[in-house]
Amino acid sequence: MRRFKLHTGKAKVYDLTKEIYLSETKKDAHYSITGKDGCKRNFAVCPACDNPIQILGLYKKLANTDKPYGKHYNHSITIATHNETTYRLCPYAGHYYNVTRESRKEKVTEYERTVYHSARENFDLAMYILEQDTGIYITENIARQMLREYVASEAHMYYWATLYNIPWMFLYFMTAHSCYGLIIKQDCELEKYLLTREDVNLVPCDFKKGYVRVSNNGSFLDLNYTMLSHSRKVVNDEVVEKIYLELYSTDINGEFVTEYKQELQINEYRFPNLICNAKYRNQKRIELARKIMPEI
């Protein structure tokens, strides 16, 4: 892997270069450890699963690359405790599992509690990212629905639930809803598509400047939205994770027809780094999350 964290849980994610690693760790004894064999080893935390990683190629050039990279270290160290379950499900570990939306871990560990707690305490920032990616304004009704279904689905126990993909998991585990009444940001990709439909009427939103409300053109609007097809793989030592926003209708035979599909990219650093650098917090959304998501 080509990225690292300094701590488990809430922590910035950094690109892994010799200069950045040394600058951030300061060669502190927590990160630079001399083993019983007399060899010095350098460590950090995996940004995807919070397990310890050993940094290879920091001082000595490796045979297969001239850049340092991180490799899982299957022992507990001062900065991180080894968690076998999260390690096996980590995208960087290279293990294959047939993961579906219903796939759940059997046992709650500290990692799953941390994911749940982060979803609860950073709900406002998760919604900020969703609004940026989809162009959909998250009203209080939508927010309540997401929170209830996240809890009911035990989304924090989903095989591929991580600290970095929390925003998209809120929408992934929400059931489909009608597009009628949605508030959409002008000039976003979704609005551009909706403008092409004769059955859709976009009305200026009277309380949010730069947004429009989805309405019909005199007849029932048969158009719903959902989030589907969560996938991930590692390409060139980087996680490529995707999820799709879909709009669908129903044909005369009662079959669902996909009308629109938008790919959303997920990476390991966007949400964690937003948490660490956020200058504004929406306390109303945070309190709503605390009200609906009980402590675990």
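Guide: A strand here is a DSSP run of E with at least two residues, and a helix is a run of H or I with at least four; both are numbered from the N terminus. The model is predicted. By that count the protein chain has nine helices and 13 strands.

Visitor: Where is D50 found?

Guide: In the loop between β4 and β5, the latter being residues 52-56.

Visitor: Why is D50 called buried?

Guide: Its relative accessible area is 8%. Buried means under 20%. The value falls below that limit, so D50 is buried.

Visitor: Which value of phi does K27 have?

Guide: A positive one, about 55°, although K27 is not a glycine. K27 is in the loop between α1 (18-25) and β3 (32-34).

Visitor: Is K27 buried or exposed, and how do you know?

Guide: K27 has a relative accessible area of 58%. Exposed means over 50%. K27 is therefore exposed.

Visitor: What makes L62 neither buried nor exposed?

Guide: L62 has 24% relative accessibility. Buried ends under 20%, and exposed begins over 50%. The value lies in between, so L62 counts as partly exposed. L62 sits in the loop between β5 and β6 (69-72). Leaving aside neighbours within four places in sequence, L62 is in contact with L56, G57, K67 and Y69.

Visitor: Now a strand. Why does N42 count as buried?

Guide: N42 has 7% relative accessibility. The limit is under 20%, so N42 counts as buried. N42 lies in strand β4, residues 40-45. Beyond four places in sequence, N42 is in contact with Y21, Y31, S32, I53, Q54, I55, L58 and Y59.

Visitor: How do you know that E246 is buried?

Guide: Its relative accessible area is 8%. That is under 20%, so E246 is buried. E246 belongs to strand β12, residues 238-250. Not counting residues up to four places away, E246 touches N224, Y225, T226, L228, S229, T258, Y260 and K261.

Visitor: Why is C46 in no disulfide?

Guide: The nearest cysteine sulfur, that of C49, is 3.7 Å away. A disulfide needs two cysteine sulfur atoms within 2.5 Å.

Visitor: What about C205: which cysteine has the closest sulfur?

Guide: C188. Its sulfur is 13 Å from that of C205, which is too far for a bond. At 10% relative accessibility, C205 counts as buried, because buried means under 20%.

Visitor: What makes α4 "roughly perpendicular" to α9?

Guide: Helix α4 (residues 123-134) and helix α9 (residues 283-292) pack at an angle of about 115°, and their axes are 7 Å apart. Angles of 65 to 115 degrees count as roughly perpendicular. That makes α4 roughly perpendicular to α9.

Visitor: Which residues make the contact?

Guide: F123, D124, M127, Y128 and E131 come from α4, and R285, I286 and A289 from α9. Sorted by class, the contact has five nonpolar, no polar and three charged residues.

Visitor: Which residues of α8 are buried?

Guide: In α8 (residues 270-277), F271, P272, N273 and I275 are buried. Their cover includes α3 (110-121), α4 and α6 (166-172).

Visitor: Which residues have the most contacts inside the largest nonpolar core?

Guide: F170 and L194, in a core of 83 residues. Aside from neighbours within four places in sequence, L194 is in contact with I184, V200, L202, V214, L223 and L247.

Visitor: And the whole chain: how many residues does the protein chain have, and what percentage count as buried?

Guide: The protein chain has 296 residues, and 50% count as buried. Its C-alpha atoms fill a box of roughly 80 × 40 × 35 Å along the principal axes. Of the contacts between residues at least 6 apart in sequence, 63% join residues at least 24 apart.

Methods:
Residues are numbered from 1 along each chain as its sequence is written. This is a predicted model: local features need pLDDT of at least 70, side-chain atom pairs count only at pLDDT 80 or more; totals for chains, interfaces and linings use all residues. Side-chain values use heavy atoms; hydrogens and water are left out. A nonpolar core is a set of buried Ala, Val, Leu, Ile, Met, Phe, Trp, Tyr and Cys residues joined through side-chain atoms within 4.5 Å. Buried means under 20% relative accessible area, exposed over 50%, partly exposed in between (1.4 Å probe, protein chains only). Contact means heavy atoms within 4.5 Å. Axes are lines fitted to C-alpha atoms, for helices over the stretch in contact, and angles run from 0 to 180 degrees between N-to-C directions. Angles under 35 degrees count as roughly parallel, over 145 as roughly antiparallel, 65 to 115 as roughly perpendicular and the rest as oblique. Ala, Val, Leu, Ile, Met, Phe, Trp, Tyr, Cys and Pro count as nonpolar, Asp, Glu, Lys and Arg as charged, and the others, Gly among them, as polar.
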